[in-house]
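Have a look at the sequence and the model, then read on.

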Amino acid sequence: MMNEEATMLALSAIAHRSRLAIFKALAAAGPRGLSAGEISAQLQIVPSSLSFHLKEMTRAALLSARREGTYIYYSTEESVVVGVIDFLIETCLVEKKCLE
């Protein structure tokens with residue numbers, strides 16, 4: 001299970017309209033992921049803003065990046081999202097600790 005700090009970092013990283021859109025696009029792309037250029041074109045996010053958002057999401061472990069030639073492909077880290085959901089279920093719903 002993820003710890004509280006990692007969970008908060010992941011939740012705060014995805015709590016932005018552009019980052020949520022990026023995450024959704026990458027989740028739909030599957031394990032292959034998308035290059036930064038593909039994400040920029042698909043979501044119409046300027047490269048400088050996209051770079052900032054990708055860095056924040058990678059820092060929160062929501063994304064992984066791999067280089068293929070001159071391109072960097074990003075994909076979602078589904079295990080982190082599952083960890084966040086599990087953390088919330090176990091600490092808020094099962095143990096009712098959210099109210100403490």
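## How the chain is put together

Among contacts in the protein chain (heavy atoms within 4.5 Å) between residues at least 6 apart in sequence, 55% join residues at least 24 apart. Bear in mind that this is a predicted model, where local features need pLDDT of at least 70, side-chain atom pairs count only at pLDDT 80 or more, and totals for chains, interfaces and linings use all residues. Residues are numbered from 1 along each chain as its sequence is written, and side-chain values use heavy atoms, with hydrogens and water left out.

The chain has five helices and three strands, and they run α-α-β-α-α-β-β-α along the sequence. Helices (H or I, at least four residues) and strands (E, at least two) are DSSP runs, numbered from the N terminus. The C-alpha trace spans about 50 × 20 × 20 Å along its principal axes.

Of the 100 residues, 34% count as buried; that means under 20% relative accessible area, with exposed being over 50% and partly exposed in between (1.4 Å probe, protein chains only).

## The core

Which residues have the most contacts inside the largest nonpolar core? They are Ile22, Leu26, Ile39, Leu54, Leu62 and Leu63, in a core of 19 residues. Such a core is a set of buried Ala, Val, Leu, Ile, Met, Phe, Trp, Tyr and Cys residues joined through side-chain atoms within 4.5 Å. Two or more residues each come from α1 (4-14), α2 (17-29), α4 and α5 (78-94), and α2 gives the most, with four.

Take Leu62: leaving aside neighbours within four places in sequence, Leu62 touches Ala10, Ala13, Ile14, Phe23, Met57, Ser75, Thr76, Glu77, Val80 and Val81.

## Salt bridges

Searching the whole structure turns up three salt bridges, each a side-chain nitrogen of Lys or Arg within 4 Å of a carboxyl oxygen of Asp or Glu.

| Pair | Closest N to O |
|---|---|
| Arg32 and Glu38 | 3.7 Å |
| Arg59 and Glu56 | 3.3 Å |

Arg59 and Glu56 sit three residues apart in helix α4 (residues 47-59), so about one helical turn separates them. Arg59 is exposed at 53% relative accessible area, whereas Glu56 counts as buried at 18%.

What about the other partners? Arg32 is partly exposed at 43% relative accessibility, and Glu38 is partly exposed at 30%. Arg66 is partly exposed at 30%, and Glu68 is partly exposed at 41%.
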